[in-house]
Amino acid sequence: MLRANRFTNLARSARASLFSCEVQEARAQHSIIVDLRSQPQLSSVRFLDFYQLGNKAAIEKERARITDEMNRGYFADMSEFKKHGGKIAQADKILIPAETAAKFPDFEVNFSDGRALKLPTRFSGNITKSDASDFPNATLLCLSFRASSQGMIDSWTGPFLEAFRDGKNIQLYEVSFIDSWLLCRSPIKRLLLRTMKKSTVDASRALQKQIAYSFGDHYYFRKELKILNLLTGYIYLVDKFGRIRWQGSGSATEEEMSSLLSCTSLLLQD
């Protein structure tokens, strides 16, 4: 009986000693792990801070955009449209000097036949003279953001086509902008293009009206051109270097149409 009790006490002592060693070892391992992780953890925190700073700038930019778009919503556009009928400002009367003319921002358009093109087509210094003839001296870009502006666009394109029906080195694009996220998805976009209005070729004239569509987010494109009201149409006459040499908006008046034709003729003489 005495031997049995001694054996039991020895076993308990051994287990306690073993447990104590395991605890000490675990604590030592834990402290080592903490030491090893402490420095990388500080680095990751610093990286996270820089990352957040970058995000804050993006967030502020997006916040400013949302505020801007809320202030310039449909009702604001409609209220403004009722005041001026789409005539944001009077069109230029003379050709804007090349030295002060702003460059038209590049953007991509799609055609109903599946073709894609970057506009405006601009001549650059690294292009040989033999290829220079492929670049038009004048391009009329007619921009529409809502279907309500189609009649305004037609008031410009009709007389322009008639005036330069036999013109060379001149192009005319009628571009509709589509911002809807759903309609910009590839499968729907391809299907939509098949059903959209197509360019019609009139063999009796050299100048053809090319109908194109631009999909995606155009907010910063509009900001660069200072386009605010989306219910009206915008007209830009661009030279072969992609510079805006004349601009108008809304429906064409007789005087404005005359100035556009005159300015276009001057560009064609270059």
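How many aromatic pairs does a search of the whole structure find? The search turns up eleven. Rings of Phe, Tyr and Trp (its six-membered ring) count as a pair if their centres lie within 6.5 Å; planes under 30 degrees apart are stacked, over 60 edge-to-face, and the rest tilted. Take F160 and F164: this pair is tilted, at 5.0 Å centre to centre and 50° between the planes. Both F160 and F164 are buried, where buried means under 20% relative accessible area, exposed over 50% and partly exposed in between (1.4 Å probe, protein chains only). Ring pairs also join F104, F107, F145, F177, F221, Y234 and Y236 into a cluster.

A quick word on what you're looking at. This is a predicted model in which local features need pLDDT of at least 70 and side-chain atom pairs count only at pLDDT 80 or more, while totals for chains, interfaces and linings use all residues. Residues are numbered from 1 along each chain as its sequence is written, and side-chain values use heavy atoms, with hydrogens and water left out.

The protein chain averages 80, and 76% of the residues score at least 70. Where pLDDT is low, the predicted coordinates should not be read in detail.

Now for the charges. The count comes to ten salt bridges, each one a side-chain nitrogen of Lys or Arg within 4 Å of a carboxyl oxygen of Asp or Glu. Here are some of them:

| Salt bridge | N to O distance |
|---|---|
| K87 and E256 | 2.6 Å |
| D106 and R122 | 2.7 Å |
| D239 and R243 | 2.8 Å |

K87 and E256 are both buried. K87 lies in the loop between α2 (74–84) and β1 (107–110) and E256 in helix α7 (residues 254–268), so their bridge ties together parts that are 169 residues apart in sequence. Helices (H or I, at least four residues) and strands (E, at least two) are DSSP runs, numbered from the N terminus. D239 and R243 are buried as well, and salt bridges that share partners join D239, R243 and R245 into one network.

One more arginine to look up is R222, in helix α6 (residues 219–225). R222 is buried, with a relative accessible area of 10%. Leaving aside neighbours within four places in sequence, R222 touches E69, F145, D179, I227 and L230.

Conventions
Contact = heavy atoms within 4.5 Å. pLDDT = per-residue confidence, 0-100.
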